[in-house]
Amino acid sequence: MAGTGPGRLRARARLEALLARHWWRQRPSALSLALQPLAALYGLLARADAARKRRAAMAAPRLPVPVLVVGNLIAGGAGKTPTVIALVPVLRAAGWHPGIVSRGYGRDTQSETHDDNAPRAVRPDSTAAEVGDEPLLMARRTGVPVWVGADRSAAAFALCAAHPVVNLLLADDGLQHHALARD
């Protein structure tokens with residue numbers, strides 16, 4: 001891959017160190033003062049994005065069952081999938097009948113056999129290319145219904161329609177997906 005060699009990484013590390021030195025000063029440096037307009041623009045864009053997400057969350061249709069989102073703002077490696085797998089037997093022991101919804105990251109959405117926007121059930125004989133490796137793992141390990149779709153809300157409604165016994169949904173990666181109403 002072009003542009004990711006050792007020289008480029010060293011330059012990036014130097015830039016990060018320079019910015020960190022200027023960020024943590026007691027008094028603003030010339031560089032930090034020069035970057036203030038960019039910081040203000042970033043703040044404006046962040047506030048606009050937060051407002052957009054609040055509007056999306058308020059407009060999200062309510063599901064017929066509670067939705068528990070497992071996750072945080074980290075995209076991967078935070079332990080969301082193992083946590084969902086561990087929660088299922090605990091919830092079952094407490095009398096719940098959980099189902100799981102996920103985006104199905106990593107699945108082949110370019111295939112002619114399915115549409116990325118269409119919700120899809122994860123079956124034990126599904127392949128990771130069809131549904132994503134983490135949803136497949138969750139389905140095989142937990143035995144509960146798992147549905148995937150780029151639109152987690154549509155996947156959640158499809159799961160509930162196909163499995164009326166489900167009375168709680170776990171969203172493996174739903175924190176960033178504001179169109180999914182959550183409880």
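Which exposed residues does the face of H5 turned away from its buried side carry? The structure is a predicted model, in which local features need pLDDT of at least 70 and side-chain atom pairs count only at pLDDT 80 or more, while totals for chains, interfaces and linings use all residues. Residues are numbered from 1 along each chain as its sequence is written, and side-chain values use heavy atoms, with hydrogens and water left out.

Helices (H or I, at least four residues) and strands (E, at least two) are DSSP runs numbered from the N terminus. In helix H5 (residues 133-142), Pro 135, Leu 136, Met 138, Ala 139 and Thr 142 are buried, that is, under 20% relative accessible area, with exposed meaning over 50% and partly exposed in between (1.4 Å probe, protein chains only). These residues lie on the same side of H5 because they cover an arc of only 160 degrees around the axis, taken from the directions from the helix axis to the C-beta atoms. Asp 133, Arg 140 and Arg 141 are the exposed residues on the face turned away from that side. Just after H5, Gly 143 has a positive phi of about 75 degrees.

Two salt bridges are counted, each a side-chain nitrogen of Lys or Arg within 4 Å of a carboxyl oxygen of Asp or Glu. Arg 12 pairs with Glu 16, with the closest N and O atoms 3.0 Å apart; the two are four residues apart in helix H1 (residues 6-23), and so separated by about one helical turn. Arg 12 is exposed at 54% relative accessibility, whereas Glu 16 is partly exposed at 47%. Arg 120 and Glu 130 form a salt bridge at 3.8 Å, N to O. Arg 120 belongs to strand E3 (residues 120-122) and Glu 130 to helix H4 (residues 128-131), so the pair ties together parts ten residues apart in sequence.
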